[in-house]
Amino acid sequence: MTDGGTDNQPPKEEKKWSYVTPTSFGDLVNGLTFAVLFITMIGVFWYACEAKKQTAQLILDGRPILIANYSEAFTNGDGFPQWVNPRLLNFGKTVAKDVAPIGHMVFGQAGIPTPRHPDCDKSEAPKDAWTTDLGAGQPVNRAWGWEQGPTANTGSGPVVYIVGCVYYKDLGDSPFYSDVCMTWSKSDGIRACNDRSRNFVR
């Protein structure tokens, strides 16, 4: 007992309560905001990828696409090509109108630039060009000979090139164009040119 009749007892501990301070609450909000933005970015990226796929599909669905996917060489007794028969296939899903394949064989130097047909890469096909219409998935074969014959060719070099193009239109008369560049050799037959700027479609 102390003077005054009061028990000598240790003071009671006060309970300490923890509160969410404005700073920690702000951190929580920032974390949630970051999570939402991250999820949104993933969604945008996924949507962009899907849109790209859909765009590519729309191109295939909305226009004809002609590509030379095969060619056969007809040779003489020495195994040298006299003419070639490239096959141009409509990979699109719509009709290709006024299809005008133009091309020939020519000697040229190995490497880049590769030779081009003088009637190609212009605004339209020559007026006297042979034309036909192709449905989706249909091919066209057109024999291409030498520019001026194997012995009177204006080109020079060790490589036999098969160069040309095809002009065509869709049902709305929009013009399109496909480039063709291949090489021939006795050992490898006919192959696409190594020039990556060739065999394009536009």
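1. In this predicted model, Tyr167 and Tyr177 are both buried. Their ring centres lie 5.2 Å apart and their planes stand at 65 degrees, so the pair is edge-to-face. Tyr167 belongs to strand S6 and Tyr177 to strand S7, ten residues apart in the chain. Tyr177 also carries a charged neighbour: Arg202 lies over the face of its ring, at 4.7 Å from the ring centre.

2. Strand S6 covers residues 159-169, and ten of its eleven residues are buried, so the strand is largely enclosed by the rest of the structure. S6 is also joined to strand S3 (residues 96-108), by ten bridges and in antiparallel fashion. Within that pairing, Ile102 stands opposite Cys165 of S6.

3. These pairings are part of an open sheet of five strands, in the order S4-S3-S6-S7-S8, with antiparallel pairing. Strands S4 (132-134) and S8 (189-192) stand at the edges; each has a single partner strand, so one side of each is left without a neighbour in the sheet. On average, neighbouring strands of this sheet are turned by 35 degrees against each other, direction ignored.

4. Ser185 stands opposite Gly189 in S8.

5. A search of the whole structure finds eight aromatic pairs. In one of them, the rings of Phe80 and Trp146 have their centres 5.6 Å apart and their planes at 5 degrees, so the pair is stacked. This pair links distant parts of the chain, 66 residues apart: Phe80 lies in the loop between strand S1 (66-75) and strand S2 (81-90), and Trp146 in the loop between strand S5 (139-141) and S6.

6. Phe80 is partly exposed, with a relative accessible area of 22%, whereas Trp146 is buried, with a relative accessible area of 9%. Together with Phe107 and Trp184, Phe80 and Trp146 form one aromatic cluster.

7. A further arginine-ring contact deserves mention. Arg142 lies over the face of Trp130, at 4.2 Å from the ring centre.

Conventions
Residues numbered from 1 in each chain as written. Predicted model: local features only at pLDDT ≥ 70, side-chain atom pairs only at ≥ 80, totals over all residues. Heavy atoms only, no water. Pairing = 2+ DSSP bridges. Helix = DSSP H or I, 4+ residues; strand = E, 2+ residues; numbered from the N terminus. Axes fitted to C-alpha atoms, helices over the stretch in contact; angles between N-to-C directions. Buried < 20%, exposed > 50% of the residue type's maximum accessible area, 1.4 Å probe, protein only. Phe/Tyr/Trp six-rings, centres within 6.5 Å; stacked < 30°, edge-to-face > 60°. Lys NZ or Arg CZ within 6 Å of the ring centre and 35° of its normal.
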